[in-house]
Amino acid sequence: MADKKAVVSIDGKQVDLQVRSGTIGPDVMDITPLYKATNMFTYDPGFTSTASCESKITFIDGDEGVLLHRGYPIEQLAEHGDFLEVCYLLLYGELPNAAQKADFDYRVTHHTMVHEQMSRFFTGFRRDAHPMAVMCGCVGALSAFYHDSTDITDPKQRMIASLRMIAKMPTIAAMAYKYHVGQPFVYPKNDLDYASNFLRMCFAVPCEEYVVNPVLARAMDRIFILHADHEQNASTSTVRLAGSSGANPFACIAAGIACLWGPAHGGANEAALTMLAEIGSVDRIPHFIAKAKDKNDPFRLMGFGHRVYKNYDPRAKIMQKTTHEVLGELGVKDDPLLEVAMELERIALSDEYFIEKKLYPNIDFYSGITLKAMGFPTEMFTVLFALARTVGWIAQWNEMIEDPQQRIGRPRQLYVGAPTRDYVPVSKR
Ligand code: SDX
């Protein structure tokens with residue numbers, strides 16, 4: 001097929017730009033020659049119209065509410081797979097066969113312990129420190145312990161670092177929770193699956209045996225799957241940009257954790273539950289809907305809206321189903337927060353403002369209710385998001401390192417500051 005072209009015409013000068021097509025989804029207009037040809041930059045704050053890279057990992061169709069990981073729909077992965085299988089898929093590009101799955105599970109399981117010195121990091125924090133602050137600090141510090149897997153030019157070291165991150169995040173997250181609630185750390189057990197191990201490290205106490213509830217373990221594993229990767233979102237782009245300078249993988253993941261913490265991104269699950277608690281009852285919903293629509297009010301309905309999804313977030317549907325399963329298993333009949341959430345969703349989806357702006361519930365709307373019911377405090381919600389997203393960050397980081405086109409990311413700007421001017425001595429100011 002003849003190469004497609006786009007033509008930019010500036011002051012009568014025409015610049016031909018190559019148009020490239022992917023497997024599915026929008027084409028891209030390659031603007032790499034633009035600055036040299038026109039001495040002009042493109043301008044796209046928030047990157048609403050910008051593709052930052054080529055990727056084979058995840059595809060999202062925001063209008064259709066589609067999410068694929070290496071071509072597999074999220075609905076099928078959440079239904080039939082487990083989180084470590086999705087980790088293998090994201091990292092290697094194919095679903096593992098039985099032998100590959102067993103080997104991958106074994107390798108991850110045998111990297112779950114952290115260096116014993118890590119536990120001293122926690123004692124430096126106040127007990128009421130936000131667990132996300134602890135995660136930023138501790139994950140960044142991992143590079144101080146694992147010098148043998150920080151050479152990013154060595155594929156073997158990159159894969160060891162990748163496995164270490166996937167394996168150790170639950171252990172560090174559980175330690176952050178235990179430190180926060182003032183209970184002793186619980187070591188991982190190699191005879192438990194990934195999600196069960198995490199629940200036990202969080203909720204077991206020395207005084208009695210902890211029995212994992214298989215329904216909650218399955219729900220936890222599915223929640224990890226739903227949060228595993230999501231194309232070039234803010235925190236993944238942060239990891240890619242940090243990695244483009246050659247920074248070690250542990251430092252790059254710490255940067256991703258910091259970005260995810262924001263309430264507009266991964267912090268929305270904590271903010272959504274806080275909002276539901278603030279609304280408190282169904283009769284107060286109209287007041288908050290009005291606030292969300294008021295241009296002069298910074299209030300937003302947390303858990304609603306998305307840069308890409310202009311239809312229902314497919315993860316939110318699966319999350320809602322998981323919420324009902326967990327509440328059913330725990331015998332939580334009439335959770336007032338769930339009642340408010342479902343009524344808020346019903347009203348918002350029929351309100352012309354939300355319809356016009358295509359604001360649907362996203363992954364963060366129901367996850368908080370589920371995690372609260374499972375026993376996690378709200379400040380742990382984004383920690384769990386970071387735990388699950390680590391595999392997506394590390395898969396995208398590896399893809400960036402292996403991309404022959406990759407170079408240090410360095411955007412330019414439209415300068416609107418002061419023109420050149422001479423220094424004025426303080427006596428004359
Ligand atoms: C995640 O990118 C990813 O893939 C992220 C994520 C992932 O898996 O990595 O999916 C995870 O971050 C999900 C999003 C979680 N954030 C929230 O739930 C916070 C509430 N949502 C909003 O802050 C907002 O919708 C964003 C940040 C999610 C999207 O922001 P955009 O694309 O920049 O949209 P926008 O802010 O330009 O909003 C468009 C319009 C605006 O009105 P106008 O200026 O056009 O008049 O919609 C309005 C906004 O005011 N709007 C909302 C709203 N979200 C957008 N109004 C009320 N409540 C909201 N939640």
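Of the 24 residues around the ligand, the ones that come nearest are H230, H306, R307, R315 and R389; a residue counts as near if one of its heavy atoms lies within 4 Å of the molecule. This is a predicted model, in which local features need pLDDT of at least 70 and side-chain atom pairs count only at pLDDT 80 or more, while totals for chains, interfaces and linings use all residues. Residues are numbered from 1 along each chain as its sequence is written, and side-chain values use heavy atoms, with hydrogens and water left out.

By class, the shell around the ligand divides into 10 nonpolar, seven polar and seven charged residues. Here Ala, Val, Leu, Ile, Met, Phe, Trp, Tyr, Cys and Pro count as nonpolar, Asp, Glu, Lys and Arg as charged, and the others, Gly among them, as polar.

I turn to polar contacts, that is, pairs of N or O atoms within 3.5 Å. The side chain of K295 places an N or O atom 3.0 Å from an oxygen atom of the ligand. For R300, a polar side-chain atom lies 2.8 Å from a ligand oxygen atom. F304 takes part through its backbone, where an N or O atom lies 2.9 Å from a nitrogen atom of the ligand. On its own the ligand has 1,000 Å² of accessible area, and the protein covers 78% of this; such areas come from the Shrake-Rupley method with a 1.4 Å probe.

Next, the sheets. Helices (H or I, at least four residues) and strands (E, at least two) are DSSP runs, numbered from the N terminus, and two strands pair if DSSP finds at least two bridges between them. Three strands form an open sheet in the order β1-β2-β3, with antiparallel pairing. Its edge strands, β1 (4-10) and β3 (28-29), each pair on one side only. Strand β2 (residues 13-20) is joined to β3 by two bridges, and R20 stands opposite V28 in β3.

A further open sheet of three strands runs β4-β5-β6, also with antiparallel pairing. Why is one side of β4 and of β6 left without a neighbour in the sheet? Both β4 (58-61) and β6 (72-73) stand at the edges with a single partner strand each, so one side of each has no neighbour there. Strand β5 (residues 66-69) pairs with β6 over two bridges in the antiparallel sense, and the bridge partner of L68 in β6 is P73.

Technical notes
Polar contact = N/O pair within 3.5 Å; in protein donor to acceptor, adjacent residues only side chain to side chain.
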